[in-house]
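Let's take a walk through this fold together, starting with the strands and then turning to the packing of side chains.

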Amino acid sequence: LSLVSTAPLRVTRIPPPRCVALEGEWKGPSAGGQRKEPTYLNNPQYRLRVSQPASIVLVLTCHDPASEEAMALHVMRNKDAKKMDRLSGSHALVAKSMMQGSYTYWPMGEVSLELNVDAGPAPYFIIPSRYHPGAEG
């Protein structure tokens, strides 16, 4: 790499992104449905903590090509709950998946969202959900 500039430069190497892939499913009671449902928090939950501020891209992929059930991703946070294993009670919505300019559930095999997160003792909770309670997959 060579850089030529008429002004002072400061160049630093950007570390490669980290990638984590997790398997999960909506089955039985864990098929909690959309956010408006009282069973929403029964959906699978993934706790996320970062050691420094970061930009994160989340991608939810359904591997069942026959499924047309709409799905979405939500990221929640309860700053008072520093050691929670699972989100419950009051919480704040931090981000939600968006497709074609709409924050709706999307009946496709993949949804994603990008967000900036900060470090701190309170974890983020990633909640993938399907629109209808009981919709397994």
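In what order do the 4 strands of the open sheet stand? Reading across this predicted model, the order is β1-β6-β3-β4, and the pairing is antiparallel. The edges belong to β1 (46–48) and β4 (92–96); each has a single partner strand, so one side of each is left without a neighbour in the sheet. On average, and ignoring direction, neighbouring strands of this sheet are turned by 30 degrees against each other.

Now for the side chains. The largest nonpolar core has 19 residues, and those with the most contacts inside it are L58, L73, V75, L113 and L115. At least two residues of this core come from each of β2 (54–61), β3 (71–77), β5 (110–117) and β6 (124–130). The strand that gives the most is β5, with 4 residues.

To see this core from one of its members, pick L115. Which residues is L115 in contact with, leaving aside its neighbours within four places in sequence? They are A54, S55, I56, L58, V75, V94 and A95. Of these, L58 and V75 were already named among the residues with the most contacts inside the core.

Definitions and conventions. Residues are numbered from 1 along each chain as its sequence is written. This is a predicted model: local features need pLDDT of at least 70, side-chain atom pairs count only at pLDDT 80 or more; totals for chains, interfaces and linings use all residues. Side-chain values use heavy atoms; hydrogens and water are left out. A nonpolar core is a set of buried Ala, Val, Leu, Ile, Met, Phe, Trp, Tyr and Cys residues joined through side-chain atoms within 4.5 Å. Buried means under 20% relative accessible area, exposed over 50%, partly exposed in between (1.4 Å probe, protein chains only). Contact means heavy atoms within 4.5 Å. Two strands pair if DSSP finds at least two bridges between them. Axes are lines fitted to C-alpha atoms, for helices over the stretch in contact, and angles run from 0 to 180 degrees between N-to-C directions.
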